[in-house]
Amino acid sequence: MEIPYTVKPRPDTGLYNAKLGIWLFLASEVMLFGGLFSAYILLRVSSDLWPHGMVSIPVGTFNTFVLIASSVTVVMSWASLKLGKLSAFKGYMAATIVCALGFLGVKSFEYYAKFTHYDVWFKDEATAKKYFTAAYGEKGEEATRKLFVERFHLHNTKATYDANQIQLTGHLFGNPMFATLKKLTSAKQETIQFTPDAPFGTHDHPKAIEVKLSDVQRLSAYVPAHSTYFAIYFTITALHGLHVLGGAIVLAYFLFTADHWWKKSPEQMANRVEVGGLFWHFVDLVWIFLFPIIYLL
Amino acid sequence: MSLKAFHILFITASVALSFWFGWYELDRYATTKVAADLWFGVGSCVTGVTLIAYGIYFLKKLKNISYL
């Protein structure tokens with residue numbers, strides 16, 4: 001049995017069925033991402049402290065550039081089919097998939113950097129100050145406070161913060177992922193080697209210090225459980241990443257079955273690629289909004 | 001809406017982002033005087049101009065394809 005309206009438009013809608021279908025699907029996607037964007041805005045405006053500069057702008061810019069380039073190549077692959085150029089289609093589609101894999105590779109690198117970066121909260125103010133001095137020398141509290149103020153945009157506030165509100169940030173020896181205080185203590189570990197981040201405005205990391213786990217109140221990598229910021233960051237970017245992966249799989253299928261579909265029905269193949277391209281453009285458009293709110297604002 | 005129309009919408013959004021990001025980075029450069037901010041600002045504005053030129057090329061290339 002032949003599926004109707006895969007090439008010619010249906011008289012009552014004026015569209016072939018797959019195009020109507022993809023737009024209905026994209027409408028549901030708008031609601032999904034719209035809800036998450038709304039959640040992000042509400043969480044941010046209702047929060048006392050919202051970190052800034054936790055993600056790398058150059059890395060985000062590179063990924064934005066990659067996705068814009070992939071939109072150009074995917075539309076060119078569709079246009080090539082419309083002009084009857086199968087080999088050009090293959091080249092553009094392959095470039096699109098390379099861009100998608102590049103985006104996901106860079107995102108994985110970003111995630112790995114987060115999963116191995118830690119904040120440590122101490123049990124009381126005196127203990128916190130002791131470790132700040134061990135990390136940064138005599139002006140340790142000042143250096144740690146500066147990092148805290150810059151992270152939370154507190155330049156213009158008159159509020160003061162206790163030393164034990166301020167976290168020491170850095171890396172654990174061996175760069176383990178997802179370590180928590182509970183996991184470390186249950187592994188019978190009593191101390192950790194901790195390399196603090198460089199003081200604000202420099203790239204010189206201080207030497208590693210030894211931290212007693214009995215002095216630590218909380219230790220967390222930059223994972224969703226770390227804070228509301230990272231919870232919404234990972235929710236939105238991971239969902240977007242899954243869409244990129246899904247889109248790349250579908251586009252790769254079009255590429256690898258191109259010869260078969262080109263012989264069978266070139267017009268239907270062009271329509272399928274158009275539908276895939278519409279989804280790909282939606283995913284890229286989401287990123288165009290995500291990049292400024294996550295990386296810049 | 002066809003892929004052609006959606007692509008025009010996407011390129012328009014990308015042009016807006018490019019110029020806004022360019023302004024953002026150049027404004028930052030005025031405070032920080034870090035060369036990377038200047039390069040990002042200029043590069044982003046150049047990207048915006050390139051995308052406008054590409055958009056015009058694209059419209060000419062696909063003038064026979066419907067927007068629906």
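Two residues are in contact if their C-beta atoms, placed from the backbone, lie within 7 Å. The model on screen is predicted, and totals for chains, interfaces and linings use all residues, while local features need pLDDT of at least 70 and side-chain atom pairs pLDDT 80 or more. Residues are numbered from 1 along each chain as its sequence is written, and chains are lettered from A in the order in which they are written.

Select chain B. It has 2 helices and 0 strands; helices (H or I, at least four residues) and strands (E, at least two) are DSSP runs, numbered from the N terminus. The radius of gyration of chain B is 15 Å, well over the 11 Å of the globule rule for 68 residues, so chain B is more spread out than a compact globule. That radius is taken over C-alpha atoms, and the rule is 2.2 Å times the number of residues to the power 0.38. Among contacts in chain B between residues at least 6 apart in sequence, 67% join residues at least 24 apart.

Next, show the side of chain B that touches chain A. Here 15 residues of chain B are in contact with 18 residues of chain A. Both α1 (3–32) and α2 (35–61) of chain B supply at least two residues each to this side, and α1(B) gives the most, with 8 residues.

Now select chain A, which has 9 helices and 5 strands. From the N terminus on, the order is α-α-α-β-α-α-β-α-β-β-β-α-α-α. Along the principal axes, the C-alpha atoms of chain A fill a box of roughly 75 × 35 × 35 Å.
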